[in-house]
Structures are given as structure tokens and as C-alpha cells.
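Here is a short briefing on one protein structure. Please look through the sequence and the model before reading the points that follow.

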Amino acid sequence: MSKTITIRRPDDWHLHLRDGAMLRAVLPETARHFARAIIMPNLVPPVVTGTQADAYRDRIMDALPEGMAFEPLMTLYLTEETDPDDVAAAQASGLIRAVKLYPAGATTNSASGVKNFDKVRPVLERMAEIGLPLCMHGEVTDHSVDIFDREAVFIDRVLDPIRRATPGLRVVMEHVTTSDAVDYVKSAPEDLAATITTHHLIINRNHILVGGIKPHYYCLPVAKRESHRLALRAAATSGDARFFLGTDSAPHVDALKEHACGCAGCFTATNTMSILAHVFEEEGALDRLEGFTSLHGPGYYRLPVNEGRITLTRGTDPVDYPAKIDGGDGPVTVFDPGFPLYWKVTA
Ligand code: NCD
Ligand code: ZN
């Protein structure tokens with residue numbers, strides 16, 4: 001028997017759209033279901049100034065197919081040279097909604113990120129004053145720290161000290177992958193929130209490594225052991241408004257994923273809403289899907305919720321998603337949850 005739910009149109013609070021041919025290829029995959037998204041600034045070179053964010057926003061709007069509606073929520077890439085006045089002006093004009101902090105070397109295109117956190121103190125203090133959220137890639141880059149421990153160590157060594165030193169700073173801990181992060185967010189006041197990706201609700205580290213290496217499941221932060229995945233599912237489906245969707249959909253052409261040194265990133269834009277409906281139904285929490293995808297994020301970002309609605313229907317036959325989309329410069333593999341999906345956005 002088919003079943004339907006109607007929810008407010010969702011937003012994606014962490015998305016990689018890239019540029020050029022890839023941007024044109026992946027933007028419709030998001031805009032089909034999502035009204036807005038926080039756009040990651042890790043282009044090459046990164047989007048560092050208000051002027052660059054403005055130009056990138058124009059390129060995104062140019063790439064949007066006729067008849068589709070979508071609002072990119074722009075961010076600036078924080079560097080040790082970022083000017084607090086430029087950040088404040090970009091916020092005041094309504095252009096940017098957040099600043100992104102990548103520890104230098106933590107992930108794809110993060111070479112211009114922050115090495116010495118004291119150097120960005122004036123920017124963080126200004127952001128606290130003006131209420132502008134800081135989106136943090138929460139992993140230390142210290143080579144002596146095991147990759148599976150890098151998020152938990154980041155909380156103690158970087159996140160907690162920054163929050164203590166900058167009272168009032170609003171921080172989104174992005175794409176959390178551990179129960180440590182979930183517990184830390186729950187224990188903090190409401191100026192701290194976290195995004196959770198679609199794929200981290202599905203895969204643990206065994207999916208990446210058992211029975212052969214699966215490059216399309218490799219992303220950063222890397223998926224952790226099963227107990228952490230279960231903690232993420234509990235947080236996402238709990239109804240706690242500090243947790244909301246940030247897909248971190250991060251397209252790379254197959255040639256760069258299926259490689260001796262494969263890029264990090266899972267491309268989930270195409271089937272995210274189907275996968276989430278599946279997860280929330282499994283957890284007996286379909287009534288909380290709307291909070292996670294459409295209400296908690298706007299609440300945190302102090303934006304109105306979307307007026308539009310989408311309807312999801314669970315049919316009796318599995319939904320056919322393409323295994324790959326044409327990324328312009330080559331095929332991009334769509335995230336495979338590893339089980340059939342029956343939920344589909346039908347209106
Ligand atoms: C992202 C990318 O490809 O830009 N990759 C990823 O694995 N998530 C970078 C990031 O957000 O870490
Ligand atoms: Zn990302």
C-alpha cells in the first residue's frame with residue numbers, strides 16, 4: 001500500500017556545488033527538491049572575499065535551469081588574512097549567511113585554511129558581535145592523530161577553546177560523525193548546532209573497507225564505527241532542534257574517485273530525500289523528518305521557513321535512480337545506500 005507525507009520544502013545546510021560544467025550538472029539535482037542551501041566556498045581558488053562570493057552567487061544563478069527556483073546562501077572561506085570589515089559588510093548586505101572554517105589541510109581544497117587560530121580571533125570576535133554563524137570542519141590535521149579520532153580530538157583541542165575564548169560565537173559543527181560530537185552539542189548552549197549528512201546515517205567504516213575498498217563511500221570526516229552511526233541516527237531523528245540536515249553532497253568525477261589517491265566526497269543530492277524518508281521511517285520517526293530537513297535549520301540561521309511543500313510517496317516498487325549523472329567533465333557516481341529505496345518525491 002502506498003503511503004504519503006507532505007512536508008515544508010527542505011533546505012540543505014552544507015552543499016558543494018563546484019563551478020563551471022560540474023555546477024551546471026549538479027545544481028538541478030539539489031534545486032529539484034531543496035529551496036535553499038548553504039554553499040561551500042572551497043573552490044580553487046577559494047571564495048574568500050565578499051566580491052568573490054557575489055560573483056560566485058551570480059554564476060550559480062546563471063547555471064540554474066529555467067523554471068527552477070533556488071536560493072544559494074553564500075559563505076566566505078576563512079583565511080588568516082580575512083578582513084573582519086569585509087565579512088561584516090557581506091553579512092550586512094544579505095550576501096553571506098556564514099563563514100566557513102577549514103583547518104589547513106583537513107580536506108579537499110583546504111590548503112588556504114587556518115593554521116594559527118589566534119590569527120583569526122578578530123574575525124571571530126566580530127562574528128560573535130554580529131551573530132554570524134561559523135561553520136566548522138571539525139577535524140584536527142595533526143599527523144600523529146589517527147584519522148578516526150580527529151573529530152573527537154578537535155572538540156577538545158580547537159572547538160571548545162574557541163567557544164570559551166569567544167563568548168556568543170554561533171558555531172555549526174558540520175557533518176558530525178561521532179557520538180562524542182553529538183554529546184558535546186547536546187551539552188552546549190543553543191549557540192552550538194550540528195549538521196548531519198545523509199550518508200553518515202547509512203554507512204559505517206566497514207562499508208568502506210570490508211570486501212574491497214569502496215571509493216564512493218570515502219568522504220571526510222570518514223565514517224566511523226557502527227556505534228557512532230547509531231548515535232547519529234538517534235540525534236537526527238530525536239527532534240532536537242540543534243541537529244539538522246547538511247548533506248555535504250560533494251561531487252567528484254569518477255576518474256578522481258576511482259584513483260590510487262581518491263578524492264573525499266559522497267554525491268548524495270539526487271536521492272537524499274528518498275534515503276532520509278527511509279531512515280526516518282525505519283526509526284519510527286517520519287513525523288520528525290520535517291524538523292530535520294525543513295524547520296531546525298532555518299530556526300538556527302534565523303531565516304523564515306519555506307512556504308512551499310514537497311510530498312513523498314512510498315510505493316511498492318523500488319525507485320529507479322541513475323547510478324551516475326553526467327558531471328560535464330565526466331560521470332559522477334550517485335551515492336548507493338546499498339538497499340532499495342521505496343520513497344520518492346512525487347510533488
Ligand atoms: C568535500 C569536498 O569534496 O569538497 N569532501 C568531503 O569528503 N566532504 C570537502 C569537505 O566538506 O570536507
Ligand atoms: Zn563539505
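This is a predicted model: local features need pLDDT of at least 70, side-chain atom pairs count only at pLDDT 80 or more; totals for chains, interfaces and linings use all residues.

- Histidine 14 is in strand S2 (residues 11-15) and aspartate 248 is in the loop between strand S9 (243-245) and helix H9 (254-257), so the pair ties together parts that are 234 residues apart in sequence.
- Histidine 14 and aspartate 248 are both buried.

**Helix H2**

- Helix H2 (residues 50-63) has 14 residues and at 1.5 Å a residue should span 20 Å; its end C-alpha atoms are 20 Å apart, which agrees.
- The buried residues of H2 are Gly50, Ala53, Tyr56, Ile60 and Ala63. They cover an arc of only 140° around the axis, which puts them on the same side of H2.
- The face of H2 turned away from the buried side carries Thr51 and Asp62, which are exposed.
- Among the elements covering the buried residues of H2 are helix H1 (20-31), strand S4 (71-77) and strand S5 (96-101).

**Nonpolar cores**

- In soluble globular proteins, nonpolar side chains tend to be buried together.
- The largest nonpolar core here has 95 residues, of which Leu17, Ile96 and Leu312 touch the most other members.
- Leaving aside neighbours within four places in sequence, isoleucine 96 is in contact with residues including Ala53, Met74, Val87 and Leu132.
- Another core, of 15 residues, lies apart from the largest one; Leu73, Tyr102, Tyr300 and Tyr301 are among its members.

**Backbone details**

- Most residues other than glycine have a negative phi, and most peptide bonds are trans.
- The peptide bond from valine 44 to proline 45 is cis, with omega near -5°, and proline 45 lies in the loop between S3 and H2.
- Leucine 220 and proline 221 are also joined by a cis peptide bond, with omega about -10°; proline 221 lies in the loop between helix H7 (205-209) and helix H8 (226-236).
- Arginine 18 has a positive phi near 60°, and this residue is buried, with a relative accessible area of 13%.
- Arginine 302 has a positive phi of about 60°, but arginine 302 is exposed, with a relative accessible area of 60%.

How values were computed: Residues are numbered from 1 along each chain as its sequence is written. Chains are lettered from A and ligands numbered from 1 in the order in which they are written. Side-chain values use heavy atoms; hydrogens and water are left out. Helices (H or I, at least four residues) and strands (E, at least two) are DSSP runs, numbered from the N terminus. The expected span of a helix is 1.5 Å times one less than its number of residues. Buried means under 20% relative accessible area, exposed over 50%, partly exposed in between (1.4 Å probe, protein chains only). The arc is that of the directions from the helix axis to the C-beta atoms. Contact means heavy atoms within 4.5 Å. A nonpolar core is a set of buried Ala, Val, Leu, Ile, Met, Phe, Trp, Tyr and Cys residues joined through side-chain atoms within 4.5 Å.
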